[in-house]
Amino acid sequence: MAGGKIQKKRHGGGGGGGGARLQGGIPFEKSKGQHILRNPALVDSIIAKAGLKPTDTVLEIGPGTGNLTKRLLEAGVKAVVAVELDPRMVLELSRRFQGHPLSSRLKVQAMKALWVIQGDVLKCDLPYFDICVANIPYQISSPLTFKLLSHRPIFRCAVIMFQREFAMRLVAQPGDTLYCRLSVNVQLLSRVSHLLKVGRNNFRPPPKVDSSVVRIEPRKPLPPVSFKEWDGLVRICFNRKNKTLGSLFKQKRVLELLEKNYKTMQSLQLAQESEMGEEKMSPDDVAVLANMVEDLSMEIGDEKEDDDMEMDDAADGRASFKEKIMGILQQGDFAEKRSSKLSQVDFLYLLSLFNKAGIHFS
């Protein structure tokens with residue numbers, strides 16, 4: 001079969017690379033994030049930093065015209081699974097890997113090792129892979145990141161080209177301007193490191209922003225915490241990340257939500273040391289973190305005043321529950337702290353304090 005195993009599926013992988021036009025004169029579509037990496041040295045650097053082994057199955061998302069695909073095959077990996085949305089690119093890959101510019105050895109390698117899936121990477125069931133290497137359409141950065149982190153069995157690492165601001169949010173540490181809910185959630189599930197900055201002029205056509213290559217290594221084992229609980233807490237804390245936690249947890253809507261959860265738990269006669277804090281993470285659990293697009297629009301400068309009003313104790317008769325929440329924050333010395341300064345360990349400890357007191361976030 002031309003170009004390796006070309007399998008067309010109704011659902012498959014993300015959009016491809018992109019220049020001004022393909023070799024055959026087909027125009028690239030910027031709206032699909034098609035920007036081809038034209039610097040061979042950068043392609044070589046990405047391959048080198050992936051740490052490939054001869055036994056590896058590599059998932060490539062958005063192969064475009066196959067520049068990175070060619071180098072992956074030349075690296076001698078066991079298999080390359082390339083997921084491409086654009087049917088024109090799939091045909092171009094087929095033409096490229098059966099055409100005369102490639103050596104006979106590489107054509108044989110492509111026939112044995114290359115499997116192209118046509119479709120949307122966010123909708124397909126991904127096959128087994130050891131490493132993911134990708135230059136992705138930036139509009140799918142967040143959902144794709146969490147889809148990969150929810151994949152089982154867990155892969156060894158992913159080396160991915162992201163929009164630079166998104167990449168810097170992934171690696172941001174407590175106290176950094178870009179530290180946000182995205183940072184906390186991704187770093188709960190993985191070790192993230194920044195590999196290299198890529199200027200926009202390395203692409204054809206050039207995008208409007210610079211890029212960065214990031215390495216993501218899933219944690220093994222995953223932390224023993226419920227994702228739904230974790231994300232519920234983190235959503236509240238990063239609603240206004242520079243406000244004190246004492247101020248955030250006095251808000252009327254927050255107290256109403258937590259009190260409702262508290263009463264629901266009591267009605268179900270669950271013990272205060274709920275087993276939720278000891279549940280292992282599951283792929284379905286990870287999926288609740290996938291809706292992260294709003295983090296890119298999160299304010300990173302001076303924050304606007306929160307419209308949420310604090311609970312009126314006298315009017316609502318909920319002073320005792322409010323005192324319970326404040327007591328938990330004070331117990332861990334969290335009342336005057338801000339989410340923008342808290343580490344993974346801090347959030348895990350805070351969640352454990354709430355759960356031990358019977359307070360839950362999902």
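This is a predicted model: local features need pLDDT of at least 70, side-chain atom pairs count only at pLDDT 80 or more; totals for chains, interfaces and linings use all residues.

Q: How many helices and strands?
A: The chain has 14 helices and ten strands. Both are DSSP runs numbered from the N terminus (helices H or I, at least four residues; strands E, at least two).

Q: How much of the chain is buried?
A: 53% of the 362 residues. Buried means under 20% relative accessible area, exposed over 50%, partly exposed in between (1.4 Å probe, protein chains only).

Q: And what share of the contacts links residues 24 or more positions apart?
A: 76% of the contacts with a separation of 6 or more. A contact means heavy atoms within 4.5 Å.

Q: Switching to H6. Which of its residues are buried?
A: Helix H6 spans residues 164–171, and its buried residues are Phe 166, Ala 167, Arg 169, Leu 170 and Val 171.

Q: What covers them?
A: The cover includes helices H5 (141–149) and H7 (181–189). Strands S7 (157–163), S8 (190–198) and S10 (211–218) are also among the covering elements.

Q: Now charges. How many salt bridges?
A: Twelve. The criterion is a side-chain nitrogen of Lys or Arg within 4 Å of a carboxyl oxygen of Asp or Glu.

Q: What is the N to O distance for Lys 70 and Glu 74?
A: 2.6 Å. The two sit four residues apart in helix H2 (residues 67–74), so about one helical turn separates them. Lys 70 is partly exposed at 23%, and Glu 74 is partly exposed at 30%.

Q: Which network do they belong to?
A: Salt bridges link Asp 44, Lys 70, Arg 71 and Glu 74 in a network.

Q: What about Asp 231, buried or exposed?
A: Buried, at 5% relative accessibility. Asp 231 forms a salt bridge with Arg 235, with the closest N and O atoms 2.9 Å apart. Arg 235 is partly exposed at 38%. Both lie in helix H8 (residues 227–237), four residues apart.

Q: Where do Glu 259 and Lys 263 lie?
A: In helix H10 (residues 252–267), about one turn apart. Glu 259 is buried at 11%, while Lys 263 is partly exposed at 49%.

Methods
Residues are numbered from 1 along each chain as its sequence is written. Side-chain values use heavy atoms; hydrogens and water are left out.
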